[in-house]
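The paragraphs below lead through one structure, step by step. Keep the sequence and the 3D view at hand while reading.

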Amino acid sequence: VKLSLVTIAFNEERDLPRCLDSVGFADEIVVVDSGSTDGTIEAARSRGAKVFDHPFEGFSKQKQFAIDRATGDWILVLDADETAGPGLGEAVRSAIRSGKADAWRIRRKTRYMGRVLRFGPWRGDAPPRLFRRGFARYGEEVVHERLRADGPVRLVRDSWIEHEPYDSIPDHIARMARYAELWASQEAAAGRTCSPADLLIRPQWRLFRALFLQMGFLDGIPGIAASVSSAMYAWWKYLALREASRRSL
């Protein structure tokens with residue numbers, strides 16, 4: 001059974017080498033780049049990856065473009081800021097050999113402000129990332145892409161993905177602002193609008209859920225910061241949607 005690792009990248013020379021170095025168990029590596037100006041492409045090629053260039057049209061389309069260029073019987077999707085956890089290769093192979101499902105979720109442990117968070121907004125994070133060729137596809141989302149499987153999705157046991165998405169607080173803030181604009185443009189194009197209740201209720205609910213229901217406070221300052229940033233992101237998203245809706249009138 002041939003396993004392909006696919007990832008997308010843009011100016012990821014800092015993170016991509018760690019990602020690719022962690023997946024020595026893959027039979028093929030496919031990297032789709034969207035115009036990097038740093039050493040991303042060289043880092044990928046030096047690790048034996050097949051590199052394709054494709055203009056960025058949104059995270060879903062970019063990842064699906066990468067999947068369509070893989071030749072493996074099974075596909076494993078990782079982001080450039082993710083690495084395979086200990087034993088993930090064997091856990092993935094075991095899941096494939098079991099024949100119990102054609103698509104699998106993998107737990108993800110996120111490191112934030114120097115700490116692996118156990119609670120808060122990323123609690124229980126286990127996105128679908130492994131699937132048999134042709135049994136799952138990404139949708140049309142520009143941001144916050146979702147992999148949709150044709151059938152039941154089971155959980156890979158005994159390992160996880162390690163995720164370190166931000167190299168600093170300013171980096172986190174900049175990405176939230178970018179993602180909020182992308183999301184707002186996407187939703188406004190679909191005819192969605194923002195009501196005053198969205199601005200008043202959604203951020204507060206997000207904070208309460210992350211901080212108390214998901215117990216983000218148990219992770220100390222990093223957990224509290226992640227919970228607050230989750231609420232801030234909700235505020236920015238809907239504020240950006242309100243502006244985008246007005247511009248479309």
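The residues that line the largest pocket divide into 21 nonpolar, nine polar and 18 charged. The model behind these values is a predicted one. In total, 48 residues make up the lining, and those nearest the centre of the pocket are D79, R108, H144, E145 and Y179. The space inside the largest pocket comes to about 1600 Å³. Which helices and strands contribute to the lining with at least two residues each? They are the strands β1 and β9 together with the helices α3, α5 (169-189), α6 (196-213) and α7 (220-247).

Two of these contributors, β1 and β9, also belong to an open sheet of seven strands. Its order is β3-β2-β1-β4-β9-β6-β12, and the pairing is mixed. At the edges stand β3 (50-53) and β12 (154-155); each has a single partner strand, so one side of each is left without a neighbour in the sheet. As background, the strands of a sheet pair through backbone hydrogen bonds, in either the parallel or the antiparallel sense.

β4 and β9 run antiparallel and are joined by three bridges. Within this pair, W74 has R132 in β9 as its bridge partner. The next pair, β9 and β6, is also antiparallel, again over three bridges. Here W104 stands opposite L130 in β9. β6, which covers residues 103-105, pairs with β12 in the parallel sense over two bridges.

D68 sits in helix α3 and R137 in strand β10 (residues 136-138), 69 residues apart. The structure holds 24 salt bridges.

The other sheet to follow is an open one of four strands, in the order β5-β13-β7-β8, with mixed pairing. Its edge strands are β5 (82-84) and β8 (115-116), each of which pairs on one side only. Strand β7 (residues 108-112) runs antiparallel to β8, and two bridges join them. In this pair Y112 stands opposite R115 in β8. Helix α7 lies across both β7 and β8, and its direction is at about 100° to β7.

Notes
Residues numbered from 1 in each chain as written. Predicted model: local features only at pLDDT ≥ 70, side-chain atom pairs only at ≥ 80, totals over all residues. Heavy atoms only, no water. Pairing = 2+ DSSP bridges. 1 Å grid on protein atoms, 1.4 Å probe; cavity = no way out; pocket = protein on both sides within 12 Å on 5 of 7 lines; lining within 4 Å. Points joined across faces, edges and corners; volume = space filled by probe spheres on them. Nonpolar A, V, L, I, M, F, W, Y, C, P; charged D, E, K, R; others polar. Salt bridge = Lys/Arg side-chain N within 4 Å of Asp/Glu carboxyl O. Contact = heavy atoms within 4.5 Å. Axes fitted to C-alpha atoms, helices over the stretch in contact; angles between N-to-C directions.
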